[in-house]
Amino acid sequence: MSKEVRELEPKALWNHFSDLNAVPRPSKKEARVIQFIKEFGENLGLETFVDKIGNVIIRKPATTGMEDRTPIVMQSHLDMVHQKNNDTNFDFDSQGIDMYVDGDWVRARGTTLGADNGLGVASIMTILASSEIQHPPLEALFTIDEETGMTGAKELIDGYLKGKILLNLDTEDDDELTIGCAGGIDITAERKYEESSLSGDGKGLKITVKGLSGGHSGMDIHKGLGNANRVLVRLLWGATRNFGARVVSIDGGGLRNAIPREATSTFWVPQDRIELLKTWLNEQIAILKAEFATTDPNLNVLEESVGTPEKGLSQEDQGRMLGCLYSCPNGIYRMSPDIQDLVQTSSNLARVICGEGSFTAMCLTRSAVDSEKMDMAEAIRAAFQQWDCQVTMDGAYPGWTPKPGAEIVQIMADLYRERFKEEPKVLACHAGLECGIIGEHYPEMEMISFGPNIKGAHSPDERTQISSVQKYWDFLLETLKRIPKAS
């Protein structure tokens with residue numbers, strides 16, 4: 001891990017972030033980071049508690065002179081998205097993130113950085129450890145499994161938290177004050193099928209879609225980024241219908257909340273159609289590169305010969321399977337009619353696995369309107385039921401209804417104007433923040449989310465801006481000073 005990162009200002013924050021990034025912390029495998037944070041709180045002599053699901057709560061009394069201020073909760077999630085480039089040799093279960101400084105940015109070598117939401121966690125750690133930073137009565141809430149199920153927020157204990165204001169440190173643009181977010185639901189389609197023999201004179205080919213930008217399936221969905229699963233299905237649709245190709249396997253995408261960057265398929269092609277298919281494929285690659293030149297300039301499709309497969313999907317099954325995938329809703333479904341430029345409803349065809357008689361497709365649908373979220377989920381169910389798939393829906397979480405008149409919103413908006421001489425963007429976002437779920441447990445709590453600039457979250461291109469971290473840190477510390485007196 002680069003020593004340069006530890007020398008950045010503010011040093012305490014970057015050192016806590018470096019310590020945190022040395023601890024593997026994938027979603028649903030947070031045991032090590034839970035223990036790390038628990039020991040951190042205990043070593044400071046602070047009241048530290050791990051609840052039944054694994055959330056860590058640390059309480060710290062107010063600094064001198066701020067005992068009469070409204071108690072607050074500072075909240076971030078412990079887990080991070082583990083994504084890497086296919087050509088990067090890295091073991092997330094045993095290695096710490098390899099960070100480096102690139103001008104005004106901190107990046108990781110070939111993997112996600114963990115700034116989402118590690119910078120929020122490190123910020124809270126810095127405040128807990130400091131004897132100089134002024135703050136009101138403070139509860140630090142470190143939740144688990146935000147990225148793949150919001151499990152920690154869902155299983156919070158009602159009534160345990162005493163804070164009246166929640167500062168969520170999980171926003172990725174330093175000029176935004178987020179006061180609302182979308183809800184979401186996971187959709188999984190599964191099916192078993194009988195493989196069919198591939199007879200006749202033919203050859204095995206493999207195509208790999210790679211180099212797409214990827215990104216957060218909520219915060220980046222409006223950018224029109226390419227989805228590797230959709231690109232691959234488009235190519236397979238043409239190859240099977242025009243050249244007699246027979247699909248053997250598909251492996252595309254990864255986590256539900258990441259726009260797929262890479263996808264691959266092995267298939268069989270009749271010997272007398274191979275050269276025609278390759279010519280057509282080159283034409284399609286040129287078309288795709290032109291279409292995605294702005295959003296995904298590094299898009300590429302690689303073709304290679306493989307051993308001749310003996311079995312694959314039958315023509316009927318592959319037709320119905322590809323039809324399901326091609327017709328599956330993906331991307332923006334509806335923009336908000338009430339908030340300018342806000343995506344209201346979307347879906348991400350995140351993961352496709354097919355081969356050896358088993359098929360699985362995974363989607364994540366998001367919406368600020370619950371009825372519309374379920375409408376889109378049913379549309380996805382309908383698409384996959386065309387191949388008699390078993391479709392399940394789970395992991396649903398609510399949206400967060402904006403309250404622009406909340407006192408903390410007014411305080412922070414005024415402070416932003418004073419500090420930075422410009423208007424903050426007070427808005428709702430299309431990502432799934434934990435505030436909506438926490439609000440169900442604590443409906444009277446005022447909530448706001450903010451953070452430094454983080455780009456490319458959920459992809460190996462994730463990076464955070466050093467100057468923005470400094471701006472955010474100054475804003476956070478001044479916010480703590482301005483928390484109002486308890487009523």
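Biologist: How do you know that strand β5 and strand β25 pair, and in which sense do the two strands run?

Modeller: Bearing in mind that this is a predicted model, β5 (residues 105-108) and β25 (residues 463-465) are joined by three bridges in the antiparallel sense; since two strands count as paired when DSSP finds at least two bridges between them, three bridges are enough for the term. One of these bridges links W105 to Q465 in β25.

Biologist: What makes β4 and β24 the edges of their sheet?

Modeller: The open sheet has four strands in the order β4-β5-β25-β24, with antiparallel pairing. β4 (99-102) and β24 (454-455) each have a single partner strand, so one side of each is left without a neighbour in the sheet. Helix α12 (residues 466-481) lies across β4, β5 and β25, and runs at about 60° to β25.

Biologist: Why is R234 called partly exposed?

Modeller: The relative accessible area of R234 is 24%, and because buried means under 20% and exposed means over 50%, R234 falls in between and is called partly exposed. R234 belongs to helix α6 (residues 228-243), and, leaving aside residues up to four places away in sequence, R234 touches I287, L288, E291 and Y326.

Biologist: What makes you describe strand β9 as mostly covered?

Modeller: Eight of the 10 residues of β9 (residues 183-192) are buried. β9 also runs antiparallel to β20 (residues 358-367), to which 10 bridges join β9, and pairs with β21 (residues 390-397) over six bridges in the antiparallel sense.

Terms used:
Residues numbered from 1 in each chain as written. Predicted model: local features only at pLDDT ≥ 70, side-chain atom pairs only at ≥ 80, totals over all residues. Heavy atoms only, no water. Buried < 20%, exposed > 50% of the residue type's maximum accessible area, 1.4 Å probe, protein only. Contact = heavy atoms within 4.5 Å. Axes fitted to C-alpha atoms, helices over the stretch in contact; angles between N-to-C directions.
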